[in-house]
Amino acid sequence: MSSYFTSVTLPAVGPLSGAAPSAVSALLPVALLAATLLLRHLRDPEAPPGDAGDRRLLLSRRRRGGYDFIVVGGGSAGAVLANRLSEGGRWTVLLLEAGGQETAMSDVPAAAAYLQGGEMDWGFRAEPQPGRACLGLREGRCRWPRGKVIGGSSVLNYMLYVRGNRRDYDGWEADGNKGWGYRRVLPYFLKSEDNRNPYLTDTKYHSRGGYLTVQEAPWRTPLAAAFVEAGVEMGFENRDANGENQTGFMIPQGTLRRGNRCSAAKAFLSPVRHRRNLHVALESVATKVLIDPQTRVAYGVRFRRKGRTWAMRARKEVVLAAGAINSPQLLMLSGVGPAWHLEEKGVAPLVADLPVGENLMDHYGTGAMVFTVQQPVSLVQTRYETLDSVLRYFLFGTGALTVPGGVEGLAWISTKHAENPGDDYPDVEFHFISGNPGSDAGRSLREVLGLNDDVWRMYRPMTHTDGFSVIPMILRPKSRGAVRLGSKSPRQAPVIYAGYFTDGRDMDVLVDAVKFIVRLSETKPFRSLDATYWETPMPGCEHEQMHTDAYWECMIRHYTVTIYHYSGTAKMGPPGDPGAVVDPRLRVYGVPGLRVVDASAFPRVPSGNTNAPVIMLAERASDLIKEDWAGTRRRTRRRRRKKGAYEGPTKWPEKTAGSSSRGPSDNERRP
Ligand SMILES: Cc1cc2nc3c(=O)[nH]c(=O)nc-3n(C[C@H](O)[C@H](O)[C@H](O)COP(=O)(O)OP(=O)(O)OC[C@H]3O[C@@H](n4cnc5c(N)ncnc54)[C@H](O)[C@@H]3O)c2cc1C
């Protein structure tokens with residue numbers, strides 16, 4: 001039973017003889033209240049999934065010899081996998097999650113940024129890139145937050161529901177990833193969706209009835225309309241970018257439910273938390289995938305839980321869904337990775353020499369496109385963190401606190417550097433935020449981004465003034481980074497080389513995007529609000545003349561921001577792809593019984609925010625796994641007699657192309 005009720009002790013109900021009638025009548029209301037609460041909790045589809053408890057884990061190990069599937073990581077992908085693989089009651093599933101439960105605070109959409117740096121965040125930092133990126137941040141390091149909680153990064157995220165461009169998926173398929181074209185993946189986006197905006201569900205691109213609730217925020221500031229109107233004035237459509245076309249401006253759709261965050265855990269785990277064949281182990285950190293060194297078959301997981309080390313067997317498969325930073329770390333700790341790197345770190349034995357941790361992609365941009373307006377229209381902390389807002393939120397699920405991370409507008413445009421500008425394949429996305437770094441007097445943004453004192457001093461005069469920011473994000477970065485082991489100890493954080501601007505073409509795109517934003521701010525809707533760019537020069541860029549390309553470049557290098565879409569570190573690709581770690585069915589090459597199903601598997605990051613694509617990926621992966629194991633019960637039993645052999649139904653793929661790289665990439669040598 002969930003943690004909510006572990007501390008509620010029901011009054012003893014039994015023979016009441018002997019109890020004084022007055023005591024009985026005093027106890028009865030309490031008992032009734034407790035029973036009602038308990039019933040409500042048991043039936044509440046949104047009650048969180050509880051921890052299975054040591055006893056159940058021990059029993060499963062002793063009586064059943066483990067689980068059919070062990071899913072590592074209860075984030076966006078892991079929550080979907082746990083739900084789908086335990087459907088029908090045929091297989092037993094253990095979901096291991098390093099973090100604990102969501103909180104009341106993480107439910108509040110406008111509070112998204114405040115969760116970063118807290119105990120629900122792994123708190124990663126990218127390595128410094130002197131002279132190249134993140135120069136105005138403390139220690140010159142970009143912060144890379146990541147969810148450490150059931151629901152994973154979908155609990156920390158800004159809830160924007162974006163699918164990417166159809167060409168992304170057609171590109172995946174064209175690269176040899178059969179079955180991942182847009183036509184094949186659209187049904188999986190629709191499968192999970194429960195869209196609550198009727199004007200959207202009337203189209204073939206949205207659906208109702210899935211686990212994941214999607215809707216526009218029920219409340220908005222006047223700036224939201226100004227942003228969309230500005231786009232229309234510049235000749236763009238106001239459109240649903242998750243529909244037929246992407247280029248244009250829109251009010252965001254969010255993973256929101258009645259004004260609250262709808263995390264992957266709330267969507268996919270809460271409603272199925274009573275399934276007897278699904279156990280969730282919280283605060284359980286996987287430290288190694290157990291792999292037979294002779295046969296290379298993955299047969300279980302080692303994990304730490306409440307100070308004890310456990311080993312649990314997986315009868316069918318181990319599925320890694322620990323995200324694009326932790327999944328490659330875990331693979332490498334288990335002997336699956338670039339041979340040169342594992343040798344360097346003393347990881348033995350080497351199980352498979354694969355380019356794990358390479359091909360790291362992120363969407364990134366700048367936070368420095370900041371404007372003031374002369375009217376009381378934006379999300380200024382003192383105006384909206386009020387009793388009135390709180391009551392509106394709790395009583396009616398509306399008001400300023402329901403705006404997802406303060407983001408009120410999204411847009412996709414093609415810069416002059418886009419491959420084919422007329423082709424509806426934009427190369428930049430804008431996040432329009434109805435606030436500026438001073439809106440909260442530096443309480444969250446300054447900390448979240450880790451602005452250094454000089455940069456913060458530049459923005460401090462904006463404290464509690466009205467304004468907005470537009471964050472341009474490069475959609476198909478050419479730069480690549482890498483995730484490496486800090487050491488062979490699972491306790492040491494992985495080392496992250498973001499690789500920002502290691503390909504100069506990314507800067508060209510961002511400079512053009514920044515110039516577009518200035519033009520956008522000069523349109524009528526923004527002029528009527530007296531929108532003005534914050535003209536104080538960025539510290540470190542005073543030597544450049546403002547509004548020149550050289551200034552914009554310097555500014556972007558100083559105030560670089562991640563949009564948190566780390567991906568590609570266990571790349572999907574056909575056997576002949578030298579960069580591939582998993583095949584198009586997400587099976588790790590050469591390691592039977594092991595798959596990776598999370599953002600690590602993206603061969604190329606989609607042209608949008610990544611939560612919905614990860615959920616789609618996990619939906620399809622669940623079907624692939626089910627397909628692979630369908631009708632195998634008898635065959636499996638027969639195979640089990642062969643000790644150590646892979647019991648699976650299909651032949652596990654091996655790579656045909658050369659495997660890992662020969663040494664550290666240029667991005668690590670030249671930060
Ligand atoms: C601050 C922030 C804002 C974002 N905003 C948006 C947005 O608005 N829209 C959008 O589409 N995307 C957004 N994203 C990105 C999106 O949320 C992620 O791409 C997506 O959630 C990744 O899903 P995943 O399953 O790959 O990893 P995650 O959701 O991160 O899940 C990984 C899970 O594995 C667990 N784990 C890791 N290691 C271990 C281990 N060793 N043992 C056990 N468990 C482990 C983690 O604790 C975590 O719960 C944002 C991300 C962040 C961090």
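Is Leu-451 buried or exposed, and how many other C-beta atoms lie within 10 Å? Leu-451 is buried, with 22 other C-beta atoms within 10 Å. A residue counts as buried if 20 or more other C-beta atoms lie within 10 Å of its own, as exposed if 12 or fewer do, and as partly exposed in between, with C-beta atoms placed from the backbone. The model is predicted: local features need pLDDT of at least 70, side-chain atom pairs count only at pLDDT 80 or more, and totals for chains, interfaces and linings use all residues. Residues are numbered from 1 along each chain as its sequence is written.

Leu-451 lies in the loop between α15 (445-449) and α16 (453-459). Helices (H or I, at least four residues) and strands (E, at least two) are DSSP runs, numbered from the N terminus. Leaving out residues up to four places away in sequence, Leu-451 touches Gly-136, Leu-137, Arg-446 and Trp-456. Contact here requires C-beta atoms, placed from the backbone, within 7 Å. Ile-251 is 200 residues from Leu-451 in sequence, and their C-alpha atoms are 28 Å apart in space.

The protein as a whole has 22 helices and 26 strands. Its C-alpha trace spans about 80 × 75 × 45 Å along the principal axes. Buried residues make up 55% of the 671 residues. Of the contacts with a separation of 6 or more, 73% join residues 24 or more positions apart.

In soluble globular proteins, nonpolar side chains tend to be buried together. The largest nonpolar core in this model has 190 residues. Such a core is a set of buried Ala, Val, Leu, Ile, Met, Phe, Trp, Tyr and Cys residues joined through C-beta atoms within 7 Å. Ile-70, Val-72, Leu-81 and Val-597 have the most contacts inside the core. Beyond its neighbours within four places in sequence, Ile-70 is in contact with Leu-94, Leu-96, Gly-300, Val-301, Met-312, Ala-314 and Val-318.

Strand β14 (residues 308-320) pairs with strand β1 (residues 67-72) in parallel, through five bridges. Two strands pair if DSSP finds at least two bridges between them. Val-71 stands opposite Val-319 in β14. Strand β26 (residues 594-596) also runs parallel to β14, over three bridges. There, Arg-595 is the bridge partner of Val-319. Strand β13 (residues 298-305) pairs with β14 in the antiparallel sense over six bridges. Arg-305 stands opposite Arg-308 in this pairing. β13 and β14 form a hairpin with two residues between them. Lys-306 in the turn has a positive phi of about 45°.

A separate description applies to the open sheet of three strands, ordered β5-β6-β8 with mixed pairing. β5 (193-195) and β8 (253-254) stand at the edges with a single partner strand each, so one side of each has no neighbour in the sheet. β5 and strand β6 (residues 212-216) are parallel and share three bridges. Asn-195 stands opposite Val-214 in β6.

Eleven of the eleven residues of α11 are buried, so α11 is largely enclosed by the rest of the structure. Among them are Asn-326, Ser-327 and Gln-329. Just after α11, Gly-335 takes a positive phi of about 90°.

Glu-408 belongs to strand β19 (residues 407-413). Glu-408 counts as buried, with 28 C-beta neighbours inside 10 Å. Its contacts, not counting residues up to four places away in sequence, include Arg-220, Phe-227 and Phe-432. Thr-502 is 94 residues from Glu-408 along the chain, with 31 Å between their C-alpha atoms.

Technical notes: Two residues are in contact if their C-beta atoms, placed from the backbone, lie within 7 Å.
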